Every structure is written in structure tokens, then in C-alpha cells.
Amino acid sequence: MAAEVQEEYLHKGWFSEINEMWPGIAVSIGVDKKLFSAKSRYQQIDVYQTRSHGKMLVLDGIIQLTEQDEFAYHEMMAHLPLMAHPNPERVLVIGGGDGGILREAGRHDTVRRMDFCEIDEKVIEVSRRFFPETACGFNDERVHIHIEDGDTFVNRCKSCYDVIIVDSSDPVGPGEALFRRPFYNGLKQALAPGGIICTQGESSFLHPEWVRELSQITRELFEASAYATVIVPTYTGGHISICTASLGPALTVPARPMDKDLQARLKYYSPEVHKAAFALPPFARKLVEA
Ligand code: SPD
């Protein structure tokens with residue numbers, strides 16, 4: 001039914017993110033045409049030319065990024081953990097075949113190696129073709145690509161990384177295992193002393209159950225954990241949460257000053273935004289403390 005309604009809207013020039021994950025609510029974006037559509041081994045991949053937000057990447061009917069506002073999500077997912085670490089050298093990025101997190105992580109001079117693990121090679125290929133300004137992250141010579149399930153990859157690593165960033169899709173389809181306790185155990189083991197993880201944490205408005213679950217898991221496993229929020233107008237709800245946890249001190253404030261040249265290139269992250277992002281309204285604070 002949802003697919004039929006979605007098709008009907010498409011004929012009228014609107015992509016509508018109708019999905020059982022957020023019943024009764026949907027973001028709609030005006031589209032000029034579908035630029036690409038294919039089914040990979042794992043998921044349906046579509047690229048649209050929107051009327052107002054540049055090109056848009058959609059996986060299994062869910063918006064992953066638009067060229068106009070992807071910077072907000074990618075900057076916060078990368079710079080929150082990297083700035084909370086005093087000297088991040090070894091970074092692992094799981095998921096996010098568009099390369100946006102790699103682009104942002106690569107802006108840090110301290111970073112010496114970035115391992116990148118993505119289950120669906122096709123997403124990388126499509127992103128390189130249609131989103132060169134996001135996928136430029138793959139051109140960094142510090143990046144080592146592993147086409148593999150993140151859960152399996154992480155279980156082979158022991159004390160390897162200063163920062164691990166999990167840019168997953170939603171907990172339906174290939175991303176589901178990345179929201180479960182065994183995966184977080186694996187992340188913990190893969191961290192070097194003082195290491196930090198940062199994962200896509202859904203929304204306190206739309207998915208309180210996932211926020212509660214991830215908060216409980218990270219609180220039990222790590223020394224410190226905290227939830228942040230980033231505004232992303234083209235995600236349903238207009239925002240998304242970021243789950244962070246550390247084997248070291250609290251990560252709600254930057255651990256070092258930000259390089260001035262780096263700050264000048266950013267559009268969303270700043271040390272002030274870092275601190276503010278962790279301030280939660282009471283209903284959300286209750287969820288993360290439950
Ligand atoms: N509800 C959408 C969640 C998408 C999270 N991943 C985005 C991938 C961008 N690199």
C-alpha cells in the first residue's frame with residue numbers, strides 16, 4: 001500500500017518517504033527526475049534530481065542524503081567524536097557508502113589511517129558516480145576499503161581504533177544488526193584505550209524505543225555515554241540523534257582546540273555546537289537515563 005501511494009506521489013513530481021518506521025508522517029521532496037534505479041544484492045538504490053535540494057540518494061525508499069543538507073549530518077557524525085578525542089590517529093567508519101563521513105574525518109591532520117567497511121559495494125559505486133562532492137572522501141590515500149558486513153569486520157579487531165563511526169541506515173534491512181548489543185560489544189573490543197564510538201542513533205520523537213535501547217547498552221558497556229541531536233531538514237522529523245560513548249572521559253565537550261583553517265571550512269560543527277548538541281529536552285533526557 002505504502003509503495004502504491006509513493007508511486008502515485010512520484011507521478012505527481014513528489015518523492016514521499018512513506019514508511020512503516022514513521023506511521024502517519026512523511027517528508028516529501030519535489031523531484032524532476034529519477035537519475036538512477038537498481039537493486040543491489042542488499043537493497044534498492046535510487047538517485048533523484050530534486051527541484052530544490054540537488055541530487056538525493058534513497059536506499060530502500062528511505063532518504064540517506066541530499067546534496068543541500070548532507071553537510072549537517074556528516075560534519076556532526078565525524079567531528080563530535082574526533083574532536084572529543086585528544087589525538088585521533090586510527091579511525092574506522094562502518095557504513096555510509098556515500099563517503100561523507102570519510103570526507104569529514106579526513107579533514108583532521110591527526111588521522112593517519114581510516115578503515116572503511118561497507119556491506120554494499122554498489123552504494124559506493126553509485127555515490128562516486130552521482131555524488132562526487134560527498135564521495136571525494138574515498139580519494140584520500142589514508143582510506144582502506146573493506147567490502148564486508150560491519151558486524152563481522154569489527155569482531156576481528158582488538159584495541160585497534162581511537163574512533164569508530166557507524167553511519168548506518170535505519171534498523172530495518174541490512175542495518176538491523178548494527179543496533180544490537182553484540183555489535184556494541186564488538187565495537188568496545190575494537191577500541192584502543194580511551195577510544196570513542198559514534199553511531200546513528202535515530203530519533204527521540206520517532207523511535208524512543210531505539211534511543212532507550214542504545215542508551216542502556218552504551219551506558220552498561222562504556223565509561224561515558226551521551227546522546228546528541230543534529231538538524232537534518234530532509235530526514236523525517238527534521239532531525240536525527242547521534243549516540244556516542246567512550247572508554248575515556250565524557251565527550252560532551254571538545255578535548256582540544258579546533259584548527260582555524262578546519263573551522264573555516266565547516267558549515268555546521270563548531271565547539272559551541274558540539275556542547276549544545278548534547279543538551280536534551282527533558283522527555284529525551286528521560287529516555288537516555290531510563
Ligand atoms: N532515516 C535516515 C537515516 C540515514 C542515516 N544514514 C545516512 C547515510 C548518510 N551518509
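Analyst: In this structure, a polar side-chain atom of Q64 lies 3.4 Å from a nitrogen atom of the ligand, a polar contact being a pair of N or O atoms within 3.5 Å. The model is predicted, so local features need pLDDT of at least 70 and side-chain atom pairs count only at pLDDT 80 or more, while totals for chains, interfaces and linings use all residues. Residues are numbered from 1 along each chain as its sequence is written, and side-chain values use heavy atoms, with hydrogens and water left out.

User: At what distance from a nitrogen atom of the ligand does a polar side-chain atom of D98 lie?

Analyst: For D98 the distance is 2.6 Å, and a polar side-chain atom of D167 likewise lies 2.6 Å from a ligand nitrogen. The protein covers 97% of the 340 Å² of accessible area that the ligand has on its own (Shrake-Rupley method, 1.4 Å probe).

User: Which residues surrounding the ligand are the closest?

Analyst: A residue counts as near a molecule if one of its heavy atoms lies within 4 Å of it; here 13 residues surround the ligand, and the closest are H74, D98, D167, S168 and D170.

User: Why does the ligand lie between domain 1 and domain 2?

Analyst: Domain bounds come from an automatic or database domain assignment; because domain 1 (2-64) and domain 2 (70-289) both give residues to the shell around the ligand, it lies between them.

How values were computed
Polar contact = N/O pair within 3.5 Å; in protein donor to acceptor, adjacent residues only side chain to side chain.
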